[in-house]
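This report goes through selected features of one structure. The sequence and the model are shown first.

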Amino acid sequence: MSQFIETLEAALHTERKVALPSEDAILLQTQDKPGSERFFFRNFARCSFPANLYDQQGMCQIDTFGTDPKDAFPARMRMPQEATTGCAFVVADDRLYFLYDRVDRWSDAPDHLAFVAVRIDADRIAALADHASDLRLTKSEYLLLAHLMTGLDLKNAATLLGASYDTKRKQVQVIQDKLGVKTQTALLRALSVDITARILDEVLPTQQRNFETALVKRQFGKDVIVNMVTIGEGLEVPVWEFGARRGRPVLYFHSMLAPLVFHDDMSAILRNLGLRLMIVPRHFMGFDGLLDAETRLRKLTRALADTMDYLTDEPLICLGESAGVPWLAHFARHNPDLVSHVILAATPQLAAAHPMPEPDHAPTLFVEISNRLRRDARVIAGLTRVYNAISRVPMFAQKALAHMYRKSPADLACLEDLFRHPHLCEWLRLIANHATLASVDELTNLQRNWPKDLRALQCGVTFVHGIEDPISPIEDIRSVAKALPDAAFHAVENAGHLIFTQHFKDFVDHIATLARPAPSSPGRA
């Protein structure tokens with residue numbers, strides 16, 4: 001390409017005689033970069049961040065002709081050996097770069113490519129900060145932050161920059177104040193997560209963003225941040241974030257129906273209350289082909305704990321809805337240090353094999369199914385096939401759900417409203433087509449002794465249940481709450497099993513109350 005530009009420039013000067021390069025010379029000059037430029041412009045032309053490609057020897061692949069020399073990418077860069085997650089931050093020529101070496105994500109990537117490099121200038125860091133559109137970092141602040149993001153501690157960063165530790169310690173505090181975070185750890189964690197999510201959301205090929213990611217982005221646009229985190233055992237955990245990026249973290253264990261909440265003003269309400277809602281769409285995790293539901297449960301719990309420890313620096317408020325309750329109970333029991341409070345919405349009726357109190361009425365449809373599942377595991381496979389077949393056809397799905405919730409006016413009204421929009425139908429169809437094991441997991445997980453997990457919890461537990469719930473009779477769940485020490489129970493009028501969607505604002509108002517620090521005693525400072 002550079003030879004072509006030189007030839008073109010020379011041709012424009014008529015007083016100069018130009019000898020056109022031979023075909024062999026052109027091939028010789030480009031043979032070290034086979035297909036790099038075609039691949040780059042096919043996949044990265046629309047990326048809003050400056051990007052480039054590097055080969056296995058660390059050599060830059062795309063010529064930055066015609067640009068200001070200060071904006072040129074380094075001729076050579078290397079991926080740090082300790083970068084086990086595919087992502088790394090490096091500083092070169094006083095600029096911060098994000099490197100991503102999972103080039104196998106692109107089916108058309110040339111074999112010689114090693115990683116993608118994206119430059120993060122000071123103004124882009126400012127743009128990623130929530131509620132800080134007027135943020136400006138000085139060059140000195142930017143360089144210090146860049147070196148800290150590569151993993152250097154403050155002492156070594158100060159030495160590298162030729163400044164005293166005390167000077168740079170004060171400068172970190174200034175940066176923290178500008179970005180609205182309290183600690184250096186929180187500062188670096190928040191920026192690394194934000195930058196990684198924003199860049200990968202732009203550069204990853206569409207087919208690698210997965211159907212569920214494409215759907216949630218189509219539904220919420222810029223109101224959702226999609227993180228892909230690989231820690232610990234190497235399981236890649238998708239985390240969808242809504243609301244305040246620096247808000248109090250709330251981890252939502254979604255229901256069987258869909259992996260999120262259907263509320264038009266969800267993101268705005270969460271932002272106004274200072275809450276950061278995080279959702280892991282467990283239906284689409286894959287689990288590397290592991291077909292044992294108990295193994296998947298343990299694997300997800302461990303990966304989720306590592307991910308939350310990486311994404312947050314304060315205890316979580318965990319919210320579980322319907323079939324998400326057993327998953328939450330297992331997570332909270334095995335990670336008590338990560339959880340400050342548990343809220344259970346539309347708690348499922350207990351399986352017959354694990355009752356807490358004895359119900360004084362005939363078993364519901366759920367308990368009947370549970371009993372059959374325990375007697376014959378083949379029922380799970382049959383139910384899954386039927387459920388998925390119904391979910392693929394919106395008309396059948398609407399009729400089936402209306403029949404299931406027919407005894408709850410609140411649920412029927414909610415379903416009627418949800419089916420006016422395409423999103424619920426799209427999620428039902430997507431789960432049926434691309435997460436066929438999800439229903440097996442959900443039904444199987446409901447049979448395990450998750451009440452034992454609840455009894456082992458040491459944090460606060462709050463039950464919120466709809467009076468009209470046709471799936472889980474309210475008196476059964478009230479008895480469960482009474483059997484747990486210090487558990488709170490709230491019965492909600494005009495609410496059924498879809499209570500979280502029906503009363504979303506009330507839920508998050510309550511969560512925001514839990515998230516506020518307790519007032520100081522009169523005698524304390």
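## Basis

The model is predicted: local features need pLDDT of at least 70, side-chain atom pairs count only at pLDDT 80 or more, and totals for chains, interfaces and linings use all residues. Residues are numbered from 1 along each chain as its sequence is written, and side-chain values use heavy atoms, with hydrogens and water left out.

## The four-stranded sheet

Four strands make an open sheet in the order β1-β4-β3-β2, with antiparallel pairing; two strands pair if DSSP finds at least two bridges between them. The edges are β1 (51–55) and β2 (87–92), each with a single partner strand, so one side of each has no neighbour in the sheet. On average, neighbouring strands of this sheet are turned by 30° against each other, direction ignored. Helices (H or I, at least four residues) and strands (E, at least two) are DSSP runs, numbered from the N terminus.

Six bridges join β2 and strand β3 (residues 95–100) in the antiparallel sense. A92 has R95 in β3 as its bridge partner. Helix α5 (residues 139–149) packs on the sheet and touches β2, β3 and β4 (113–120), its direction making about 30° with that of β3. Helix α8 (residues 184–203) also packs on the sheet, touching β2, β3 and β4, and its direction makes about 105° with that of β2. Contact here means heavy atoms within 4.5 Å. Axes are lines fitted to C-alpha atoms, for helices over the stretch in contact, and angles run from 0 to 180 degrees between N-to-C directions.

## Salt bridges

There are 25 salt bridges in the structure, each defined as a side-chain nitrogen of Lys or Arg within 4 Å of a carboxyl oxygen of Asp or Glu. One of them joins the side chains of R95 and D121 at 3.0 Å, N to O. This pair links distant parts of the chain, with R95 in strand β3 and D121 in the loop between β4 and α4 (122–128), 26 residues apart. R95 is buried, at a relative accessible area of 17%, and D121 is buried with a value of 17%. Buried means under 20% relative accessible area, exposed over 50%, and partly exposed in between (1.4 Å probe, protein chains only).

R102 and D101 form another salt bridge, with the closest N and O atoms 3.7 Å apart. R102 is partly exposed at 27%, and D101 is partly exposed at 27%. In the salt bridge between R420 and E416 the distance is 3.5 Å, N to O. R420 counts as exposed at 56% relative accessibility, whereas E416 counts as partly exposed at 46%. Salt bridges with shared partners join D194, E241, R245, R246 and R276 into one network.

## A covered helix

Helix α12 (residues 324–334) is mostly covered, with nine of its 11 residues buried. Among the buried residues are W327, L328, H330 and F331. Their cover includes β7 (248–253), α11 (293–311), β9 (316–321), β10 (339–345), α18 (438–447) and α19 (450–456).

## A nonpolar surface patch

V393, M395 and F396 form a nonpolar patch on the surface, together giving about 260 Å² of accessible area. Patches are made of residues with over 30% relative accessible area and no salt bridge; like charges are joined within 9 Å, and nonpolar side chains (Val, Leu, Ile, Met, Phe, Trp, Tyr) within 5 Å. Accessible areas come from the Shrake-Rupley method with a 1.4 Å probe, and for residues only the protein chains shown count as cover. F396 lies in helix α15 (residues 394–404) and counts as partly exposed at 43% relative accessibility.
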